[in-house]
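Q: Could you take me through this structure, beginning with a helix contact and then moving on to the sheet?

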Amino acid sequence: MSGSPFAEMLGALTRQRGVVASLVVDEHEGMIVDAILQFGQDGDRIAALAASLYRKARQSAHAAGLGGVHFLQMDAEQGRLCMAGRNALVLVVATSPNANVGLVRVEMLRAVEGLA
Amino acid sequence: MADDLRRWSDELAHDPASLAFLPLGEALRRQGQHEHALRVTLRGLERHPHLADAHDLLARICVDRGELERAFDEWDMTLRLAPEHAGALKGLAFVCYQQGRFPEAEAWLQRAAQGEAADAGIGAALETVRRSTGALHASDVAAAEAAYDPHDPRALFADSLDGDDQTAILLDPGGMVLGGLYLTESGRDVAPEIGAALSGVSDEASRATRHLGIGAWTSIVFETESAAVAMAPTVQDGLLVVAASRATPLGHLRRLLARCVARAAAWLGGTA
């Protein structure tokens with residue numbers, strides 16, 4: 001997926017310690033716009049599920065009158081999935097447990113400004 | 001509970017004038033089936049227009065639907081029929097509190113406290129109202145709700161939340177509200193809408209973590225323009241949702257989440 005406007009952003013995120021995958025996903029379609037994945041990862045499925053989770057969070061926030069969702073983090077026993085969205089695109093990053101999630105969050109919020 | 005619902009429904013089908021509409025409507029209300037509860041109660045009121053408890057039930061359904069003015073009218077009608085009706089007195093206090101009319105809320109509660117059916121919750125509600133300064137906080141409202149019905153599942157987390165602008169709801173696997181409440185600034189409980197929006201989120205989180213091979217999901221936290229929201233799975237495949245103001249540190253939010261998850265587990269264990 002070289003030559004994409006998101007390649008540099010995804011590359012920078014993937015170089016963060018503990019980041020195992022990074023994707024830009026269409027929130028409504030759940031389709032990959034661009035991604036850097038490790039061999040064997042099912043990016044399409046991750047994209048679809050991540051987009052759906054993000055959409056549900058956004059809809060519930062709307063129902064509660066809380067405004068837009070800036071950042072979402074799902075923790076699991078052996079890793080995390082982080083998301084940040086803008087303009088119907090969602091930046092998705094999967095990390096291992098040893099990732100510095102605070103740093104990843106800051107980088108993602110900075111990077112998401114470039115989603116258009 | 002399903003057996004009870006069937007029995008009351010059968011009783012009403014057999015005898016439309018039966019008072020079974022009262023427990024049936026209440027049970028449906030507690031299950032979050034507000035439209036169904038409303039229909040059952042209105043049909044009952046057609047047969048029993050002078051039954052105070054029926055108007056009281058209708059008022060509580062109206063509160064669930066966010067119709068505070070209508071709830072006030074129904075409780076007012078309840079008092080015309082039964083001047084010392086404790087539920088109506090506490091309900092009127094609740095509506096006034098929701099609308100920021102604290103002196104009136106206090107007056108209704110004082111009247112309730114003088115009645116024969118006064119309970120310890122009224123004292124707590126009076127204290128809450130007297131503490132109020134004009135700013136309506138979810139935790140205070142939850143406390144007031146607990147007072148107007150101490151066993152109301154909507155007050156499930158009143159003791160677990162420790163600050164202003166915090167709220168929690170417990171959802172079943174289908175997104176139906178089991179306990180807690182989520183009030184907007186206008187006093188409307190939007191927990192059902194949030195539940196509907198989050199329906200299926202546990203399944204999707206589980207599928208996502210399975211595909212990533214990162215074990216079971218333990219929490220989801222998201223930050224919005226005005227709040228931070230945290231979710232976690234609970235026993236019986238439920239979902240616990242806690243929201244707090246953006247000023248709340250995420251670490252503290254996670255502690256609140258853990259506390260509410262424990263409260264929900266104890267409650268579900270007790271009601272299973």
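**Helix packing, sheet and chain contact**

A: In chain B, residues H34(B), A37(B), L38(B), T41(B), G44(B) and L45(B) of α3(B) meet A54(B), L57(B), L58(B), I61(B) and D64(B) of α4(B). Contact here requires C-beta atoms, placed from the backbone, to lie within 7 Å. Helices (H or I, at least four residues) and strands (E, at least two) are DSSP runs, numbered from the N terminus.

Q: What residue classes does the contact of α3(B) with α4(B) have?
A: The contact has seven nonpolar, three polar and one charged residues. Ala, Val, Leu, Ile, Met, Phe, Trp, Tyr, Cys and Pro count as nonpolar, Asp, Glu, Lys and Arg as charged, and the others, Gly among them, as polar.

Q: Before going on, what kind of model is this?
A: This is a predicted model, in which local features need pLDDT of at least 70 and side-chain atom pairs count only at pLDDT 80 or more, while totals for chains, interfaces and linings use all residues. Residues are numbered from 1 along each chain as its sequence is written, and chains are lettered from A and ligands numbered from 1 in the order in which they are written.

Q: Back to those helices: at what angle do α3(B) and α4(B) pack?
A: Helix α3 (residues 34-47) and helix α4 (residues 52-64) of chain B pack at about 155 degrees, with their axes 10 Å apart. Axes are lines fitted to C-alpha atoms, for helices over the stretch in contact, and angles run from 0 to 180 degrees between N-to-C directions. The angle therefore makes α3(B) roughly antiparallel to α4(B), a label for angles over 145 degrees.

Q: And H36(B): where is it found, and why does it count as partly exposed?
A: H36(B) is found in helix α3 of chain B. It counts as partly exposed because it has 15 C-beta neighbours inside 10 Å. A residue is buried if 20 or more other C-beta atoms lie within 10 Å of its own, exposed if 12 or fewer, and partly exposed in between. H36(B) and G25(B) are eleven residues apart in sequence, with their C-alpha atoms 7.8 Å apart.

Q: Now the sheet. In what order do the ten strands come?
A: The order is β2(A)-β1(A)-β5(A)-β4(A)-β3(A)-β3(B)-β4(B)-β5(B)-β1(B)-β2(B), in an open sheet with antiparallel pairing. Two strands pair if DSSP finds at least two bridges between them.

Q: Which strands stand at the edges?
A: They are β2 (32-36) of chain A and β2 (177-180) of chain B; each has a single partner strand, so one side of each is left without a neighbour in the sheet. Neighbouring strands of this sheet are turned by 15 degrees against each other on average, direction ignored.

Q: How many bridges join β3(A) to β3(B)?
A: Seven bridges join β3 (residues 69-76) of chain A to β3 (residues 217-224) of chain B, and the two run antiparallel. D75(A) has S219(B) as its bridge partner, and M74(A) has I220(B).

Q: What does β3(B) do on its other pairing, with β4(B)?
A: Four bridges join β3(B) to β4(B), again running antiparallel. I220(B) stands opposite M231(B) in β4(B), and a hairpin of two residues joins the two strands. Seven of the eight residues of β3(B) are buried.

Q: Which strands does α10(B) lie across?
A: Helix α10 (residues 191-198) of chain B lies across β1 (167-171), β2 and β5 (239-245) of chain B, at about 55 degrees to β1(B). Seven of its eight residues are buried: A191(B), P192(B), E193(B), I194(B), G195(B), A197(B) and L198(B). Their cover includes α2 of chain A together with β1, β2, α11 and β5 of chain B. Just after α10(B), G200(B) takes a positive phi of about 90 degrees.

Q: Last topic: how many residues does each chain give to the contact?
A: Chain A gives 31 residues and chain B gives 31 residues. On the chain A side, α2 (43-63), β3 and β4 each give two or more residues, and α2(A) has the largest share, twelve residues. By class, that side has 16 nonpolar, ten polar and five charged residues.

Methods: Two residues are in contact if their C-beta atoms, placed from the backbone, lie within 7 Å. Angles under 35 degrees count as roughly parallel, over 145 as roughly antiparallel, 65 to 115 as roughly perpendicular and the rest as oblique.
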